[in-house]
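Colleague: Could you walk me through this one? I'd like to ask some questions as we look at it.

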Amino acid sequence: MDTFTLTDLYAGSPPFASVYLDTESDVADAAARLETRWKDVLRDLRDAGIGPPAVEALTGALGEHGAGGTRVLLADADDVVYARSFPEPTDTTTVRTGPLPHLLPLLELAQSRLPHLVVLTDRSGADLFSFTDEPVADSSSTVEPEVWPVHKVNPGGWQTHRFQHVVEEEWHKSARDIAGHVTRLADRTRARVVFVAGDVHAVGLLRKELPVHVADLVHEIDGSRHPDGSADEIESQVAAALSATVLADLDERLEALQTYVGRGEKSAAADEVALKGVDGVGATVEALQRAQVETLLLSDALERDDAQAPLVYGADATAIALSPRDLTRLGADPVGSAPQSDVLVRAALLTGADVRVVPATHPACPTDGVGALLRFSVTT
């Protein structure tokens, strides 16, 4: 997700309304259920003091149940500032109102949407699909090099060896052509994984022709380029592999956090790296005050905690503190206070930090659900 788009949301006029709504479409009375849930949402919004302009705008942006999954709607006092449907379902409807938008559930939905390619190849060409942050392919293309003949045949007589050699050369040319297209697309979309399926021989040739930085991203899956019913299986394999990649990335960050704050086994250089990660609300707030955070790590339990201790924030991105007095000591005037997760996310996004949502059940979840990896040590 382009977090620069999210930073624009903070320019809106409070109060903000943040709605995460299940829009299931695979039940017989899906439309009626959505209508009933929306009436409950409207009641909650009005009870929270959200005015008619925002309520009307949110209703107009609701859409139909056919989108399925989760509908995300964010509005300021005047209009809808963000609207999007995600295919992943939500367990409960979430309605939050306050001086800041509630972005943590949105960031969790988005962090699983890794940019990736799906390449279906055979000896006559390939179909390429690129996915970034959208539920459908952002682009697709077909590569059909001029290769003749596609299959080896036996022309007989003394020409056999020469003919077979020509076919092999044409296959390699085809693979080089396809590899060029895959490489350009992978580089342009900054793909994290390149899924490849199809004819075994064609897949092998393609892997050999890819440059190392792209070949290292290849994940082979079962499937065919032809409409043989394997589309659902391909989608299932891709989804499972992407989930595993997201979890592995999260595990790596949490392992680094443990090392940096000394909660895991220390290396010989532990003293040098200990200050490149912080654990707990207070230490994380101090790091955000210095624009020091590279990755903010927040527990998903904060999404459901309506009774979070508030944090105070000012106009500047780094104006964040545990109390109004602390903020004043920093030379900033308090603008307002909000649940800690909303204030932490605002400070992180406005200072260019990444945000990762951690399952509360993860054994390495930060203390109180809040921690951060840092761009630089406090001592530098």
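Colleague: Where does Asp8 lie, between which elements?

Modeller: A quick note before I answer: this is a predicted model, where local features need pLDDT of at least 70, side-chain atom pairs count only at pLDDT 80 or more, and totals for chains, interfaces and linings use all residues. Residues are numbered from 1 along each chain as its sequence is written, and side-chain values use heavy atoms, with hydrogens and water left out. Helices (H or I, at least four residues) and strands (E, at least two) are DSSP runs numbered from the N terminus. On that basis, Asp8 sits in the loop between α1 (3-7) and β1 (16-22).

Colleague: Is Asp8 buried or exposed?

Modeller: Buried means under 20% relative accessible area, exposed over 50%, and partly exposed in between (1.4 Å probe, protein chains only). The relative accessible area of Asp8 is 54%, so Asp8 comes out as exposed.

Colleague: What separates the C-alpha atoms of Asp8 and Leu350?

Modeller: Along the chain, Asp8 and Leu350 are 342 residues apart.

Colleague: Which peptide bond is cis, and what is its omega?

Modeller: Pro15 is in that loop between α1 and β1 as well. The cis bond joins Pro14 and Pro15, with omega at about 5°.

Colleague: How many salt bridges are there?

Modeller: Side chains of opposite charge can pair when their charged atoms come close. The rule for a salt bridge is a side-chain nitrogen of Lys or Arg within 4 Å of a carboxyl oxygen of Asp or Glu. By this rule the count is 14.

Colleague: Why are Lys39 and Glu35 separated by about one helical turn?

Modeller: Their side chains meet in a salt bridge, 4.0 Å from N to O. Lys39 is exposed at 53%, while Glu35 is partly exposed at 47%. As for the turn, that's because Lys39 and Glu35 are four residues apart in helix α2 (residues 30-47).

Colleague: Which residues are linked with Asp249 in a network of salt bridges?

Modeller: Asp249 pairs with Arg253, with the closest N and O atoms 2.9 Å apart, and both lie in helix α8 (residues 231-261), four residues apart. Asp249 is buried at 17%, and Arg253 is buried too at 18%. Arg356, buried at 15%, forms a salt bridge with Asp354 at 3.0 Å between the closest N and O atoms, and Asp354 is partly exposed at 26%. The network links Asp249 with Arg253, Asp354 and Arg356.

Colleague: Are α2 and α3 roughly parallel or antiparallel?

Modeller: Axes are lines fitted to C-alpha atoms, for helices over the stretch in contact, and angles run from 0 to 180 degrees between N-to-C directions. The axes of α2 and helix α3 (residues 52-61) come within 11 Å and cross at roughly 160°. Angles under 35 degrees count as roughly parallel, over 145 as roughly antiparallel, 65 to 115 as roughly perpendicular and the rest as oblique. The pair is therefore roughly antiparallel.

Colleague: Which residues of α3 do Trp38, Leu42, Leu45 and Arg46 in α2 meet?

Modeller: Contact here means heavy atoms within 4.5 Å. Trp38, Leu42, Leu45 and Arg46 are the α2 side, and their α3 partners are Val55, Leu58 and Thr59.

Colleague: What is in contact with Thr351, leaving aside neighbours within four places in sequence?

Modeller: Thr351 is in the loop between α13 (340-350) and β15 (354-358). At 16% relative accessibility, Thr351 counts as buried. Its contacts beyond those neighbours are Ala291, Ala317, Thr318 and Arg375.

Colleague: What is phi of Ala291 near?

Modeller: Ala291 lies in the loop between α10 (281-289) and β11 (293-299), and is partly exposed at 28%. Phi there is positive, in a residue other than glycine, and the value is near 55°.

Colleague: And Arg190, is that one buried or exposed?

Modeller: Arg190 sits in the loop between α5 (160-189) and β8 (193-198), with a positive phi near 55°. Its relative accessibility is 71%, so Arg190 counts as exposed.

Colleague: Last one: how much of the protein chain counts as buried?

Modeller: The chain has 13 helices and 16 strands. Of its 380 residues, the buried part is 46%.
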